[in-house]
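My entries follow in the order in which I checked things.

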Amino acid sequence: MPYAYDDQNIFAKILRGEIPNKTVYESAHSLAFHDIQPQAPVHVLVIPKGPYVTYDHFAAEASDAEIADYSRAIAEVCRIVDVAPGNDGGGYRLISNAGEAGVQEVPHLHVHVLGGRVLGRMLKRFDD
Ligand code: AMP
């Protein structure tokens, strides 16, 4: 059962309204809110409202409507927080950590939208 979803994870609690969040954007199938420990001047998390653990889980089992909504929600967040490329200092990075090697802390799919500064190299080289 590779995609067992734990409905006690913190983002499930946010979706149920049990924990507050600083919402940036909400749509029929997606919610975006500020990360509680920002790693950059802009650090927003975008999550689907459905019970999906990782991106591969979502892509395999979500409906076309959920997938379209989520993809557009991420782009809408980039527009709202003004990191879409074009302005001086524009640009962003999307990260979705999955599983053990990805060091995923919260087992509900989320994309980190990072920006507001030059973000440096994507990763350290594995042999650094
Ligand atoms: P990941 O390591 O990709 O699973 O990232 C989980 C992210 O969730 C981290 O960046 C945390 O700072 C963030 N986070 C954890 N709890 C909350 C919360 N209650 N509200 C907003 N962000 C949170």
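**Pocket and ligand**

I first looked up where the ligand lies, and the space it takes is the largest pocket; a molecule counts as sitting in a pocket if more than half of its atoms lie within 2 Å of the pocket's grid points. I took a pocket, on a 1 Å grid over the protein atoms alone, as an open set of points where a 1.4 Å probe fits, with protein on both sides within 12 Å along at least five of seven lines, and its lining residues as those with an atom within 4 Å of a point.

I note that this is a predicted model, in which local features need pLDDT of at least 70 and side-chain atom pairs count only at pLDDT 80 or more, while totals for chains, interfaces and linings use all residues. Residues are numbered from 1 along each chain as its sequence is written, and side-chain values use heavy atoms, with hydrogens and water left out.

I then read the volume of the largest pocket, about 890 Å³, as the space filled by probe spheres set on grid points that are joined across faces, edges and corners. The pocket is lined by 30 residues, and D35, Q37, H43, L45 and H112 are the closest to its centre.

**Shell around the ligand**

**Polar contacts**

I listed pairs of N or O atoms within 3.5 Å as polar contacts. A polar side-chain atom of D35 is 2.5 Å from a ligand oxygen atom, and one of H112 lies 2.8 Å from an oxygen atom of the ligand. At I36 a polar backbone atom is 3.1 Å from a nitrogen atom of the ligand.

Key. Polar contact = N/O pair within 3.5 Å; in protein donor to acceptor, adjacent residues only side chain to side chain.
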